[in-house]
Each structure stands twice: as C-alpha cells, then as structure tokens.
Amino acid sequence: MGIPDQVPEWRLSEEELTAELLTTERELCRVYARMLSLVGEVDQRGVAAGKGFRSTQVMLVRSLRVSPKEANARVTQATAVLPVMRNALATGDINREHAHEIAYVLTRAPDSVTPEELAANEITLVELAHEAPPTTLRKVGQRIQAYWDFDSVDPDKREQDLARPLREFRYTRTRDGRMKYTGEFDPDTATLAEQLFTVLAKPDPADSFGNPDPRTRAQRQGDAVAAVFDLAARAPDLPVKAGERAVATITIELKDLERRAGTVMLDGHDPMTVSQLRRLCCDAKVLPAVLNGAGEVLDLGRAVRTATPAQRRALAVRDKGCTAPWCTRGPKWTTPHHIEYWTNPHGGPGGPTDIGNMALMCDRDHLLAHHGGWDIRLRNGVVEWIPPAWLDPQRRPRRNTAHNPPHTRAA
C-alpha cells in the first residue's frame with residue numbers, strides 16, 4: 001500500500017520515498033494500459049469519423065494535444081494483437097516505452113513470419129522488458145528484424161550480395177585540404193565499423209578539473225575514423241605505391257627551411273606548415289626535397305623511418321599505450337613520437353631515433369603534443385607531460401597511470 005497522497009515528499013523516509021516512487025510508476029503503467037484500451041475501442045467503433053476527424057490519430061492529436069508521432073504510437077499499440085504485452089502493461093510490470101519498442105518490432109514483421117513465431121517473439125521481448133531498459137529492448141528488436149530480413153531474402157540473391165557486398169565511399173577535397181565524404185557499407189562492414197566506434201569513439205574521462213569530454217558524438221566518431229586510418233597506414237601488409245609503402249615527398253624552399261617558417265608542399269600539391277611537417281616526420285617515410293629560389297632541386301634526402309618493429313615492441317612494454325595522462329588507448333592505437341623533434345626547430349641534426357627519445361601517443365594526443373603547448377620528457381623511464389602555463393601556471397609534470405595493472409593482495 002502506497003504512502004497517503006497528503007504526506008509531503010520531504011517528510012518521507014528514504015524507504016518510503018523509493019516505495020512510493022515504484023508504486024507510482026506501476027500506477028502510471030496501469031493507467032497507460034487503460035488509455036490503450038480506450039484508444040482501441042475508439043478506433044474499432046470508428047468514433048473519429050463520426051466526430052469529423054480523418055482518422056483516430058488525428059482525433060488524438062486534436063483532442064489530447066499530443067504529437068502526431070505519439071498519436072501514431074498509441075494507435076499502433078492499441079490495435080496490435082499483442083495480448084502478452086498488454087497484460088504486462090496492465091499489471092505494471094512493463095512501462096509505456098517497453099510497449100512502444102515491442103509494438104514497433106512486432107507490427108513490422110514480414111508476411112513470412114508465422115503467428116506462432118510472432119507469439120514466441122512477443123513472449124521473449126516481454127520477458128526481457130521485465131528486467132531490461134527500453135534501449136536494450138530496441139537492440140534485441142533490431143536483431144529480430146535483421147533475422148526476419150535475412151530469412152526473407154532469396155538464397156541465390158543472398159549469395160550474390162555476399163559475393164559482391166555493397167560498399168561505397170565517395171569524397172571530395174575542399175580548398176583548404178579537408179575531406180567531405182558519404183557512403184554506404186554492407187551489414188558485415190557496418191557491424192565492424194560500429195564495434196570500432198564503440199571502443200574508439202567513447203567519451204574521454206573527465207579531466208583533472210572535472211570537465212567532461214567537450215567533443216560531440218560526430219567529432220568523437222571522426223577521431224575514431226582517423227585512428228583507424230592511421231592504424232591501417234602502419235600495417236605491414238599495406239599495398240605499395242610506386243614500389244614503396246606510404247612514402248611522402250616533402251617540398252620546401254631553402255629560405256623557409258633555414259628560418260623554420262613558411263609553407264611546405266606534400267607530394268607536390270597539398271600545403272602544410274613547418275610545424276605540421278615536424279609532426280608528420282614522427283611516423284612517416286619522408287623524402288625532403290629542398291628547392292632554391294628558382295625551383296631547382298638542391299637536395300633530395302634519403303628516406304628515414306623513425307622506429308623499427310623491435311623499438312615499437314620495447315615502447316609498448318615501457319609505455320603500455322598512449323602516454324597522455326588522460327588516455328586509455330593501448331599500444332595498437334599509438335605511434336612513436338620524437339620527444340626531441342626529428343627535425344629540430346632550433347637547428348642542428350634533430351633528435352635521435354632511439355628508445356630514450358620516443359614516446360607512444362595516439363593520433364589525437366599526438367596532435368595536442370605538437371600544437372597544444374605541451375612539453376614532453378622522459379624521466380626515470382617514465383614519460384611525463386608538462387602542461388602549458390595557461391592550464392597550470394606551475395607546469396607540474398603529469399604521468400599516465402591508466403595503463404597500470406590493478407593492485408593485488410599479497411599472498
């Protein structure tokens with residue numbers, strides 16, 4: 001029995017408050033079940049037409065002041081033959097969101113689904129709704145619909161689709177070098193992409209000040225795509241281009257190289273800054289082409305790789321993943337970064353390609369290391385990130401502890 005209505009909420013104990021919350025929710029479910037019974041009777045009698053409305057949905061919109069979407073959902077749930085769902089709703093065991101998801105799936109069953117199969121699926125979904133939130137119900141419903149769609153396709157056509165899956169990717173380059181793209185994937189590739197997004201596009205933990213990840217979902221997924229492309233570019237079996245794998249030819253004027261400023265040209269047509277060049281040199285096979293004022297090639301340097309497979313394995317053991325203090329990505333999603341730039345911005349030969357001058361970073365934090373004002377150093381075998389002064393006036397070094405194994409109790 002619920003707490004009397006006249007008792008103010010602030011006077012209820014925690015136990016009474018939670019009990020009243022659950023009781024009220026069950027009452028809401030029962031009232032909604034009654035609403036569906038009334039809507040079903042109105043629709044069956046054709047009351048809407050007698051009142052001058054085009055349909056029951058329009059009558060609900062005008063008389064109840066609900067949205068067309070809500071009116072359609074109520075009519076669908078009220079007119080569908082789903083006795084198990086309606087009974088669970090009437091007893092308060094499931095809520096209106098559960099009812100919506102169940103009706104949405106089962107009313108879209110193809111003609112090939114038998115009444116027995118439909119009834120079995122209804123029981124499955126209602127039993128799941130007793131324990132799970134509507135979002136879980138929606139995912140299971142999508143799997144049921146996918147099975148129906150798969151089962152209704154002609155076997156010969158299915159084999160043809162599997163042999164030649166639909167995968168399209170269309171893109172254009174903008175004047176400032178960005179890429180805009182659209183496309184479509186077959187179900188297998190779509191599932192694989194979604195699984196990668198689940199891991200790579202999840203929000204970062206809150207920073208040291210408690211601020212959440214500022215990126216939108218679209219931005220997080222864009223970063224995930226960039227990470228996948230970056231990993232593919234470093235794959236040992238990547239197809240070759242002109243007999244070599246992932247070669248970038250950098251063209252720069254001698255005067256710009258000397259004053260470490262100006263514009264660099266990648267492969268003859270894509271412009272970038274010298275700071276971008278330094279970042280690219282961290283993990284690419286680079287051929288620097290130095291030109292004089294007349295455009296003549298003064299020097300065509302030799303290709304340089306930054307880290308051998310053995311060095312990458314050693315870095316994976318030492319750093320355990322991205323060294324940015326807030327990052328949880330493992331070694332697979334990182335590249336070696338030169339702590340002292342391979343192309344020294346202060347002149348000289350630049351930093352060496354050895355373990356003591358490299359640190360693992362994911363693609364997004366690699367960008368931050370180059371362009372965000374952070375300094376990186378290796379101290380006592382641990383990589384430390386030193387924040388810019390605007391973030392921490394004392395510039396106290398930070399270490400990544402996300403990769404540390406959990407503490408275990410001594411035997």
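**Helix packing, a salt bridge and a surface patch**

Let's start with α4 and α6: their axes cross at roughly 75° and come within 10 Å. That makes α4 roughly perpendicular to α6. A caution before I go on: this is a predicted model.

Who makes the contact? On the α4 side, we have Glu70, Ala73, Arg74, Thr76 and Gln77. They meet Arg96, Ala99, His100 and Ala103 of α6. By class, that contact splits into three nonpolar, three polar and three charged residues.

Two of these residues deserve a second look. Glu70 and Arg96 form a salt bridge, and their closest N and O atoms are 2.3 Å apart. Arg96 sits in helix α6, residues 96-106, and Glu70 in helix α4, residues 68-79, so the pair ties together parts that are 26 residues apart in sequence. How many salt bridges does the structure hold? The count is 16.

Next, α5. This helix covers residues 83-90. I have two partners to show you.

Partner one is α7, residues 115-129. The packing angle is about 25°, and the axes are 8 Å apart. That makes α5 roughly parallel to α7, since angles under 35 degrees count as roughly parallel. From α5, the contact uses Pro83, Val84, Met85 and Ala88. From α7, it uses Glu122, Ile123 and Val126. The tally here is six nonpolar, no polar and one charged.

Partner two is α1, residues 14-45. Here the angle with α5 is about 135°, with the axes 7 Å apart.

Let's move to the surface.

Which residues form the nonpolar patch there? They are Phe169, Tyr171, Met179, Tyr181 and Phe229. Together they have about 550 Å² of accessible area. Two elements give two or more residues to this patch: β1, residues 168-173, and β2, residues 179-184. Phe169, for one, is placed in strand β1.

Definitions and conventions: Residues are numbered from 1 along each chain as its sequence is written. This is a predicted model: local features need pLDDT of at least 70, side-chain atom pairs count only at pLDDT 80 or more; totals for chains, interfaces and linings use all residues. Side-chain values use heavy atoms; hydrogens and water are left out. Axes are lines fitted to C-alpha atoms, for helices over the stretch in contact, and angles run from 0 to 180 degrees between N-to-C directions. Helices (H or I, at least four residues) and strands (E, at least two) are DSSP runs, numbered from the N terminus. Patches are made of residues with over 30% relative accessible area and no salt bridge: like charges are joined within 9 Å, nonpolar side chains (Val, Leu, Ile, Met, Phe, Trp, Tyr) within 5 Å. Accessible areas come from the Shrake-Rupley method with a 1.4 Å probe; for residues, only the protein chains shown count as cover. A salt bridge is a side-chain nitrogen of Lys or Arg within 4 Å of a carboxyl oxygen of Asp or Glu. Angles under 35 degrees count as roughly parallel, over 145 as roughly antiparallel, 65 to 115 as roughly perpendicular and the rest as oblique. Contact means heavy atoms within 4.5 Å. Ala, Val, Leu, Ile, Met, Phe, Trp, Tyr, Cys and Pro count as nonpolar, Asp, Glu, Lys and Arg as charged, and the others, Gly among them, as polar.
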